[in-house]
Amino acid sequence: MLKNTVLPFGPQHPVLPEPVHLDLELKDEKVVKAVPSIGYVHRGLEKLVEKRDFQQYVYVAERVCGICSFGHSWGYSKVVEKLMKIEVPKRAEYLRTIWHELSRIHSHLLWLGLAADAMGFESLFMQSWRLRELVLDIFEATTGGRVIFSACKVGGVRRDLNAGQVKLFKDNLALLRKDLQTIAPTFLKDKTVALRLKGVGVLTAEDAHAFGCVGPMARASGLMEDYRLYDEGGAYKELGFKPVLERAGDCYARVAVRIGELYQSLNLIGAALDNLPEGEIAVRPMGFPAVGECFTRVEQPRGEAIYYVKGNGTKNLERFKLRTPTNANIPALVKMLAGCDLADVPNIILTIDPCISCTER
Amino acid sequence: MEQLVDLAVTELLGKVAQLRSEGCRLVQIMCSMVGQDYELTYNFDKDGALTNLRLAVPAGNSVPSITKEFLYAFIWENEIHDLFGLQFTEMVPEFDYHGKFFHLEQAAPWNPGAQVVVPKGLGIDASVKAEGGAKNA
């Protein structure tokens, strides 16, 4: 006679880079139901918008997350620019696209390392993070920072690229592409990786839609969900962006989408560097944010993030709100965990690429 | 500036059902306090364009859950309930966490005036026992 058991999973667990708790109701080794709970790393960052002026707050916004920090500073700047009707120079839009896509490469390489570690594939973990160093070196050489680099501001960007930095970009990315071609086949063709990931944590396209998935989670199930298709900022329209899609919806498909996006980001950065327009990199905001409310979105490495601000005509915004992609993907995680084997829970959780500090802000 | 469609609470379910039938995706539900009252914003997306609904909810009132139309709304309805103390009625029972979604020292910390009762016990442990289902081994 089988007996149901409630197993606490997290907040501290070797597979979790950040604290989230799941109560797993088990029938023998099968998960019957999963109940998520959060609240361990809430920092009250949104509230700080009342204490910092609209220019200073960009430094807070980029600290929402250490991995997609540039995307958050871009999202915040973009929504304030919309409220203040600021037209950003074209060169700044290209530079934002370049640093944002480099952040996507950073995020996906970091995640691939964590995924390899969760499978017990330590050398693959080490190789993935070794490649990530090339990306951090570019950040350092072009902005002075390796993770939080404050390149974005309301009105444009703070730093330009000179010819030497463009060359460093291209040289490092060529090295990265070459090395990626040696480790990507291990993720995609190795038998042990396939045994751990294929057919595990399957989310059909219908379920991905019904559970509101975003980002690589949605695209691995075949959904054409990518805000870069519609982005009013950046250089995506000029660069001819097309999302990477897979159909299987399992953990393997989520790995395949992210690897496909690594190559795609390399191509986007290369095209943006080749077509970098001449001109100014920023305009000076005049006055304070107007009275009113605005939304904007950014396709972060983990998926769509939505940014909201409410202005009151003073230097301080009245409200800032951010909905991050992990927040939108938790319902699908709950769906995937119901019915899976207990041994697959770590891999399934990891393949949503959870970022809890983003989620709690 | 953003277009916000003001709705009465009684109009919410009808409008949400209409947006769903038009193929919209729920992007988020957002809550703010305006004085003692709640201000809810529902964002929906279709092909990159947002539709934004705005609800003013007087203190002490509840709001119908939209989980029957968009199941995954439970993530935001549970969050708003736990942080602001706003009650959502007729949430799909399986996804109503009864104040257990956020680990908090104090119930409804962003609206200290709210009356919120959180059952004892931790997470699913409490909810499972309340349902008379599984028990800890």
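Reader: What makes helix H4 and helix H5 of chain A roughly antiparallel?

Author: In this predicted model, H4(A) covers residues 122–143 and H5(A) covers residues 163–189. They pack at an angle of about 170 degrees. Angles over 145 degrees count as roughly antiparallel. The pair is therefore roughly antiparallel. The axes are 10 Å apart.

Reader: Which residues of H4(A) and H5(A) meet?

Author: From H4(A), the list includes A:Leu124, A:Leu131, A:Leu134 and A:Ile138. From H5(A), it includes A:Leu168, A:Phe169, A:Leu176 and A:Phe187. By class, the contact has 14 nonpolar, six polar and three charged residues.

Reader: Why is the pair A:Arg297 and B:Asp45 called a salt bridge?

Author: The N to O distance between the side chains is 2.7 Å. The cut-off is 4 Å, from a side-chain nitrogen of Lys or Arg to a carboxyl oxygen of Asp or Glu. An Arg and an Asp at 2.7 Å meet in a salt bridge. The count between chain B and chain A is five salt bridges. Residue pairs in polar contact between these chains number 13, both residues at pLDDT 80 or more.

Reader: What does the salt bridge of A:Glu81 and A:Arg96 tie together?

Author: The side chains meet at 2.7 Å, N to O. A:Glu81 lies in helix H2 (residues 69–84) of chain A and A:Arg96 in helix H3 (residues 90–118) of chain A, so the pair ties together parts 15 residues apart in sequence. Over all chains, a search of the whole structure finds 35 salt bridges.

Reader: What makes the backbone at A:Pro11 and A:Asp353 worth a look?

Author: Most residues other than glycine have a negative phi, and most peptide bonds are trans. The bond joining A:Gly10 and A:Pro11 is cis, with omega about 10 degrees. A:Pro11 is in the loop between strand S1 (4–9) and strand S2 (21–27) of chain A. A:Asp353 is not a glycine, yet has a positive phi of about 55 degrees. A:Asp353 is in the loop between helix H12 (345–351) and helix H13 (356–360) of chain A.

Terms used. Residues are numbered from 1 along each chain as its sequence is written. Chains are lettered from A and ligands numbered from 1 in the order in which they are written. This is a predicted model: local features need pLDDT of at least 70, side-chain atom pairs count only at pLDDT 80 or more; totals for chains, interfaces and linings use all residues. Side-chain values use heavy atoms; hydrogens and water are left out. Axes are lines fitted to C-alpha atoms, for helices over the stretch in contact, and angles run from 0 to 180 degrees between N-to-C directions. Helices (H or I, at least four residues) and strands (E, at least two) are DSSP runs, numbered from the N terminus. Angles under 35 degrees count as roughly parallel, over 145 as roughly antiparallel, 65 to 115 as roughly perpendicular and the rest as oblique. Contact means heavy atoms within 4.5 Å. Ala, Val, Leu, Ile, Met, Phe, Trp, Tyr, Cys and Pro count as nonpolar, Asp, Glu, Lys and Arg as charged, and the others, Gly among them, as polar. A polar contact is a pair of N or O atoms within 3.5 Å; within protein, one must be able to donate a hydrogen and the other to accept it, and residues adjacent in sequence count only if both atoms are side-chain atoms.
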